[in-house]
Amino acid sequence: MELLHYEHNQDMPEGPLTAYTKNNASGAIEPWLTKYISGCDGARSATRQATGIQSSSQGGQDVSAVADVYVDTDLPDYRRRCAIRTPDGGCMLIPHKDEGLRIFLQVDEKN
């Protein structure tokens, strides 16, 4: 589902907002009556753009890397999602399509 835009309708207490979404599977445009819209759609937020809210984030101070890899191992649970945190940074392992693994690595700039 993708938010296209929304309208505010003060005369409709059961749903003062009408959110128009596109069903990306069918291509249909669907109206939804709602009381709230929550923007959980990341850095290029359509929700934030539709509401006119500017992002005040200047980015974090963390240095990071992302890699999609294929692992040749006999470990039985290497495709299990996990997060590892150390004083020098951390990493997250996430199973990816086609037996691959996505690795998010956070690195301390001093190292």
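**Figure 1. Pairing of E5 with E6.** In this predicted model, E5 and strand E6 (residues 89-95) pair in the antiparallel sense over 5 bridges. Two strands count as paired if DSSP finds at least two bridges between them; strands (E, at least two residues) and helices (H or I, at least four) are DSSP runs numbered from the N terminus. The bridge partner of Cys-82 is Leu-93 in E6. Strands of a sheet pair through backbone hydrogen bonds, either parallel or antiparallel. Residue numbers start from 1 along each chain as its sequence is written, and side-chain values use heavy atoms, with hydrogens and water left out. Because the model is predicted, local features need pLDDT of at least 70 and side-chain atom pairs count only at pLDDT 80 or more, while totals for chains, interfaces and linings use all residues.

**Figure 2. The open sheet that holds E5 and E6.** The sheet has 4 strands in the order E4-E7-E6-E5, with antiparallel pairing. E4 and strand E5 (82-86) are the edge strands, each pairing on one side only. On average, neighbouring strands of this sheet are turned by 10° against each other, direction ignored. Axes here are lines fitted to C-alpha atoms, for helices over the stretch in contact, and angles run from 0 to 180 degrees between N-to-C directions.

**Figure 3. Salt bridge between Asp-68 and Arg-102.** The two side chains meet at 2.6 Å, N to O. A salt bridge requires a side-chain nitrogen of Lys or Arg within 4 Å of a carboxyl oxygen of Asp or Glu, and by this rule the count comes to 1. Asp-68 lies in strand E4 (residues 63-69) and Arg-102 in strand E7 (residues 101-107), so the pair ties together parts that are 34 residues apart in sequence. Asp-68 is partly exposed, with a relative accessible area of 46%, and Arg-102 is also partly exposed, at 27%. Buried means under 20% relative accessible area, exposed over 50%, and partly exposed in between (1.4 Å probe, protein chains only).

**Figure 4. Surroundings of Asn-9.** Asn-9 sits in the loop between strand E1 (2-8) and strand E2 (17-22). Asn-9 counts as buried because its relative accessibility is 19%. Its side chain makes a polar contact of 2.8 Å with the side chain of Thr-18. Such a contact is a pair of N or O atoms within 3.5 Å; within protein, one must be able to donate a hydrogen and the other to accept it, and residues adjacent in sequence count only if both atoms are side-chain atoms. Leaving aside residues up to four places away in sequence, Asn-9 touches Pro-16, Leu-17 and Thr-18 (heavy atoms within 4.5 Å).
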